[in-house]
Amino acid sequence: MAEDSDAERTEPASEKRLRQAREDGDIPRSREVATFTVLMTAGAGMWMLGGGLVNTLSSVLERGLSLDREQIYNPNVLVERVLADVVRVLLACLPLAGAVMLMMVAAPLLIGGWNFSAKAFTPNFGKLNPMRGLGNMVSTNALVELLKAVAKTLLVGAVAWFVVMSQKDAVIGLVVEPFGTAAPHLGSILAKAFLTMVGALGAIAILDGPYQMWHYADKLKMTRQEVIQESKESDGNPQIKGKIRQMQREMAQKRMMSNVPTADVVVTNPTHFAVALKYADGQRGAPRVVAKGTDEVAAKIREIAKENKVALLEAPALARALYKHTEIDDEIPEALYSAVAEVLAYVFQLRAYSKGTLDQYPDRPKKLPVPPEMDPFNPASQKPGTDAGAGTPH
């Protein structure tokens, strides 16, 4: 059951899948919407321009049926007259043809938009598979197309019958009208009939547009496994990324540990925190943090410091403040200058005593001037409503 559930396409298509589909030329399209907009544009153009177009065509037809002696015996004159009539007809039809062509180009913007894909022109011999063709014939989409064809036939047929019956007397009356008025009248009747029947197609287009959008989205749906696999391909395998981060942390820790022997002093908590400080004598700038850590890392820092005879000083408040407010290679905060200065003075005195240049063993600093707000365990550094030091080892 779990495998069947995973195989169900329940997840919406990702941006990558939609982009790939567009690159393959697969975009939502509604032929009903495109047909309706183009035919409605043609009908509206006939309604607005039909009178002038009919008059022009009638004039051209009348002139074409009237030949004088010169035209009969001089083919050049006849050819020039025919060409002039053709140009006249083309110019008369140009506004209507231009509007229809413009709508044909703009219609795809309603659903799917413009899309240029070279893959759409690539031959796909899989479409020649008979079994695939039979499968398409009995698919849900084929049934929908059949229902649309039947609905269009019935709807347009019913509307056409209504139009014919409602205009029957007007059509019969054309035979008694003069040609000059009958031609525009006929054009008006045809335009009305055309627009009415095209309007009936609008009902099909209104239903087909949303259906095609839904069908396209449903066709591109993904299984949960496909979503997971795509996420791995796009963002990388989480296990691999975790392994890389772990290796990066280990490498950074090794680099940090290699700096401990160069430190002047390691300030401890005494067990949970350890911060190694180095002061470059003769250079500008405050002492810097070359290593820091808690628990096991702190123990490793103390171990390396002892092995390399780096001074260790137990100063809990200062160790916590340095750990909280500094990063590796950062200079110490200005608020801790005085406390660190006392520590370094003690360390330098120890060195002098070990070399014999100082007769008396220096006194260990006891109460260092660490501002209360710098110590994360001091209540003065906590925001209202928080528990001082909650979840942090002391």
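Author: Contact here means heavy atoms within 4.5 Å. The model is predicted.

Reader: Which residues have the most contacts inside the largest nonpolar core?

Author: A nonpolar core joins buried residues of nonpolar types through side-chain atoms within 4.5 Å. The largest one has 26 residues, and those with the most contacts inside it are V267, L277, L318, L322, L336, V343 and V370. Two or more residues each come from β1 (265-268), β2 (273-278), α13 (316-325) and α14 (337-355). The most come from α14, which gives 7 residues. Another core, of 14 residues, lies apart from this one; M257, V266, A274 and A291 are among its members.

Reader: Is K148 buried or exposed?

Author: Buried means under 20% relative accessible area. K148 has 11%, so K148 is buried. This lysine lies in helix α7 (residues 140-166). Leaving out residues up to four places away in sequence, K148 touches E32, D208 and Q212.

Reader: Why does L90 count as exposed?

Author: The cut-off for exposed is over 50% relative accessible area. L90 counts as exposed because its relative accessibility is 56%. Its place is in helix α5 (residues 75-106).

Reader: Which residues make the nonpolar surface patch that includes L90?

Author: L67, L78, V82 and V86 make the patch together with L90, and its area is about 420 Å².

Notes:
Residues numbered from 1 in each chain as written. Predicted model: local features only at pLDDT ≥ 70, side-chain atom pairs only at ≥ 80, totals over all residues. Heavy atoms only, no water. Helix = DSSP H or I, 4+ residues; strand = E, 2+ residues; numbered from the N terminus. Buried < 20%, exposed > 50% of the residue type's maximum accessible area, 1.4 Å probe, protein only. Patch = residues over 30% accessible without salt bridge, like charges linked within 9 Å, V, L, I, M, F, W, Y side chains within 5 Å. Areas by Shrake-Rupley, 256 points an atom, 1.4 Å probe, with all protein chains shown as cover. Salt bridge = Lys/Arg side-chain N within 4 Å of Asp/Glu carboxyl O.
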